[in-house]
Amino acid sequence: MNSLVDQIVSWIIVLYGSALPALFVIFLVGITGLKEITRYESGTTFLYRLNPVTKLILTIVVMVVASTTIWWIGGILTLALLLSYLTLNEGTRKFGYAFFLALSTIIGGTWSVAPYTPPSVLQLAFPNVKQFTVIWTFPSYFQVMGYEQQLTLQALFYGLQTAFRVTPVLLSALLFIVTTTGSDIFRMFTKIKIPIAVTFSVLVGIRMIPRIFELLDTSVKMQFIRGLGYGKPKPIASLLIVYAIFQAIVPTMVYLFRGAKNLAISADTRGFRAYNSRTSLVELKFTKVDIYGFTIIVLLIILAVVANLTGFGRTIPYFGL
């Protein structure tokens, strides 16, 4: 009997840890939210007026600081970047979407590392093995799926610290996309001499992300308009959105492939790559606002250097102050 209960609880823990981040994204962020925080909207606040080159450097520096310092500095960066969303157009709504996306990233990041981390790695972070606190013991056959047999509190800490290295990078990259036009990104890459083929690929990728969510949103709404969930109790009808999203994947892919074909034809007919460079009427300029941006960048670099010199730099995440 106890063995059966252990089996059921183990599978509930596994499914709960895997499904919770996805459910957060589906029900709390939604397709509309994902579309909104991956699509450029014009604005006049600080982040919109920064030169794209400044924003790109800031994003890279955030990544470097988060990956070379102790986990709680990544946590502070996460909080600061979340608050930055309040300065955007419709900032409160975007902050809500970004908050739940960050929360799902932290939970998903923790769970994607904690149960798979072997004790030999944990000992690098937590030298005193005798103080390991076992939370749950999985059945032995879970090792086939890569799970360690014992899930410890220290493994969860390790996973949480790893997640705080990813979340600031995600939030800063989304801020860059939300506040920068495709044209400015093109001019930025041209200015820093990135090959035009690479620039084109990046722009297509950035343009396609909100397009994917738009197509998914349309396809899901069409299924509900056609009667999906009609007459069903409200809790069940709400859960059907998960089914509708899976059903929407194929038509979304079809539309994307059609769009890719049209894009290729358009690029060919306009002589794409006929010359090594392209001209532009608009010149990107650095303004006084960029001084503040570079000040933040310099402060972040100083923070990373000071943290490493004072013992708060980390090449692997581990528990500490």
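Two residues are in contact when heavy atoms of theirs lie within 4.5 Å of each other. Keep that in mind for this tour of a predicted model.

**Stop 1: the whole chain**

Start with everything in cartoon view. Walking from the N terminus, the order is α-α-α-α-α-α-β-β-α-α-α-α-α. The C-alpha atoms fill a box of roughly 75 × 65 × 35 Å along the principal axes. Of the 321 residues, 38% are buried. Among contacts with a separation of 6 or more, 79% join residues 24 or more positions apart.

**Stop 2: α3 and α11**

Now select residues 52-68, which form helix α3, and residues 288-309, which form helix α11. Angles under 35 degrees count as roughly parallel, so α3 is roughly parallel to α11. The crossing of α3 and α11 is left-handed.

Show side chains next. On the α3 side, pick Thr-54, Ile-57, Leu-58, Val-61, Val-62, Val-65 and Thr-68. They meet a set of residues in α11 that includes Phe-294, Ile-297, Leu-300 and Ala-304. Sorted by class, this contact has eleven nonpolar, four polar and one charged residues. As you look along a helix, remember that an α-helix has 3.6 residues a turn, so residues three or four places apart point the same way.

Stay on α11 and click Tyr-292. Is Tyr-292 buried or exposed? Its relative accessibility is 56%, so Tyr-292 counts as exposed. Select Phe-46 too: the two C-alpha atoms are 9.3 Å apart, although 246 residues separate the pair along the chain.

**Stop 3: the nonpolar cores**

Which residues touch the most other members of the largest nonpolar core? Select Val-65, Tyr-85, Leu-88, Leu-101, Leu-171 and Leu-300, out of 39 residues in that core. You've already seen Val-65 and Leu-300 at the contact of α3 with α11. Zoom in on Leu-101: setting aside neighbours within four places in sequence, Leu-101 is in contact with Val-25, Val-29, Leu-34, Ile-37, Leu-170 and Leu-174. There's also a second, separate core of 14 residues, with Val-14, Val-113, Ala-114 and Ala-125 among them.

**Stop 4: Lys-35**

Go to helix α1, residues 2-36, and click Lys-35. At 14% relative accessibility, Lys-35 counts as buried. Leaving out neighbours within four places in sequence, Lys-35 is in contact with Pro-210, Phe-213, Glu-214 and Asp-217.

**Stop 5: α8**

Select residues 182-191 for helix α8, then highlight its buried residues: Ile-185, Phe-186, Arg-187, Met-188 and Phe-189. What do they pack against? Show α3, α7 (153-178) and α9, and you have the answer. After α8, look for Lys-193, which has a positive phi near 65°.

**Stop 6: α9 and α10**

Finish with α9 (residues 196-225) and α10 (residues 234-269), whose axes are 6 Å apart at an angle of about 140°. That angle makes α9 oblique to α10. The crossing is right-handed. Color the contact residues by class and you'll get 20 nonpolar, four polar and one charged.

Note on methods
Residues numbered from 1 in each chain as written. Predicted model: local features only at pLDDT ≥ 70, side-chain atom pairs only at ≥ 80, totals over all residues. Heavy atoms only, no water. Axes fitted to C-alpha atoms, helices over the stretch in contact; angles between N-to-C directions. Helix = DSSP H or I, 4+ residues; strand = E, 2+ residues; numbered from the N terminus. Parallel < 35°, antiparallel > 145°, perpendicular 65-115°, else oblique. Left-handed = near helix turned anticlockwise from the far one by under 90°. Nonpolar A, V, L, I, M, F, W, Y, C, P; charged D, E, K, R; others polar. Buried < 20%, exposed > 50% of the residue type's maximum accessible area, 1.4 Å probe, protein only. Core = buried A, V, L, I, M, F, W, Y, C linked by side-chain atoms within 4.5 Å.
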